[in-house]
Amino acid sequence: MSALLQIRNLCKSYGALKVTDAVTLDIEEGELHAIIGPNGAGKTTLISQLSGQNPSDSGQLVYQGQDIMRLSMAERVGRGLARSFQITSLLPGFTVLENVAMAVQARSGSSFRFFARAANEDELNREAMICLRRVKLADRAERLAGSLSHGEQRQLEIAVALATEPQLLLLDEPLAGTGHEESAVLVELMRGMKRRHTVVLIEHDMEAVFALADRLSVLVYGRIIATGTPEEIRNNPEVRAAYLGEEAA
Ligand SMILES: Nc1ncnc2c1ncn2[C@@H]1O[C@H](COP(=O)(O)OP(=O)(O)OP(=O)(O)O)[C@@H](O)[C@H]1O
């Protein structure tokens, strides 16, 4: 069976700087695949190329057997490939529930036009509450998004992404800036998402990455130098030399 997402020779340069250098990788259905690498290795750029936010110079992206290279970000979301957006894309003056309900509506598009207005709103809120329960934020539904703690805002970002019903979810540093307790909540949440969603995760917290990932790829200067299980990556001499060092032993 072919992979859910096939990445072939994907490239991206900024002027003379080759940020994504012929990346070839298969993302298998149901796996949590972490992409790790030093600062500036090109991880965020790669995720942006997968989501369609950032156009690629060349290469191939085949999702569910179809070429998606030329599809816009919205079209990719429509096919089930979504990125969790940074906190800056949350609407701080709207409630937590409203933030998620808007994402449900964006995904559902015209299918809600046939409902009467009140029924439409009830249905949107009902679906939004399901997403909030999944990220353990149901009790914050009526709070303004801007009043949430940093960790809760990261949970909300994930709820907004889940509202688009993604099959493949791209998560860019969901633990960044979170404290110990907040990060434990988010790790549990990601563990709960495994299997149900295929996840590509970028994360610097190696403890979390090695605990969660089914497979990892190591990106250095825009090139994938290794892909394997946590055990294989931990014991790979090239990876240890280039990135993990002795601390991951
Ligand atoms: N819009 C841009 N214009 C020019 N250079 C860019 C642009 N975006 C990223 N870069 C450069 O591309 C390289 C890769 O950046 P990127 O943010 O993808 O790396 P990263 O692995 O996600 O880093 P970090 O772990 O620090 O978040 C860096 O050298 C960065 O300065």
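Student: Why are α3 and α5 called roughly parallel to each other?

Tutor: In this predicted model, helix α3 (residues 96-108) and α5 pack at an angle of about 30 degrees, with their axes 8 Å apart. Angles under 35 degrees count as roughly parallel, over 145 as roughly antiparallel, 65 to 115 as roughly perpendicular and the rest as oblique, so α3 and α5 are roughly parallel. The axes are lines fitted to C-alpha atoms over the stretch in contact, and angles run from 0 to 180 degrees between N-to-C directions. Local features need pLDDT of at least 70 and side-chain atom pairs count only at pLDDT 80 or more, while totals for chains, interfaces and linings use all residues. Residues are numbered from 1 along each chain as its sequence is written.

Student: Which residues of α3 and α5 meet?

Tutor: From α3 they are V96, N99, V100 and A103, and from α5 they are L156, A159 and V160; two residues are in contact if their C-beta atoms, placed from the backbone, lie within 7 Å. By class, this contact has 6 nonpolar, 1 polar and no charged residues. Ala, Val, Leu, Ile, Met, Phe, Trp, Tyr, Cys and Pro count as nonpolar, Asp, Glu, Lys and Arg as charged, and the others, Gly among them, as polar.

Student: What makes α5 roughly parallel to α6?

Tutor: Helix α5 (residues 150-162) and helix α6 (residues 180-193) pack at about 15 degrees, with axes 9 Å apart. That angle makes α5 roughly parallel to α6. The contact is made by H150, G151, R154, Q155 and I158 of α5 and E182, V185, L186 and L189 of α6. Its residues divide into 4 nonpolar, 3 polar and 2 charged.

Student: Which residues of helix α1 are called buried?

Tutor: In helix α1 (residues 43-51) they are K43, L46, I47, Q49, L50 and S51. A residue is buried if 20 or more other C-beta atoms lie within 10 Å of its own, exposed if 12 or fewer, and partly exposed in between, with C-beta atoms placed from the backbone. Of the 249 residues of the protein chain, 39% count as buried.

Student: How do you know that the radius of gyration agrees with a compact globule?

Tutor: The rule is 2.2 Å times the number of residues to the power 0.38, with the radius taken over C-alpha atoms. For 249 residues a compact globule would have a radius of gyration near 18 Å, and the protein chain has 18 Å, so the two agree.

Definitions and conventions: Helix = DSSP H or I, 4+ residues; strand = E, 2+ residues; numbered from the N terminus.
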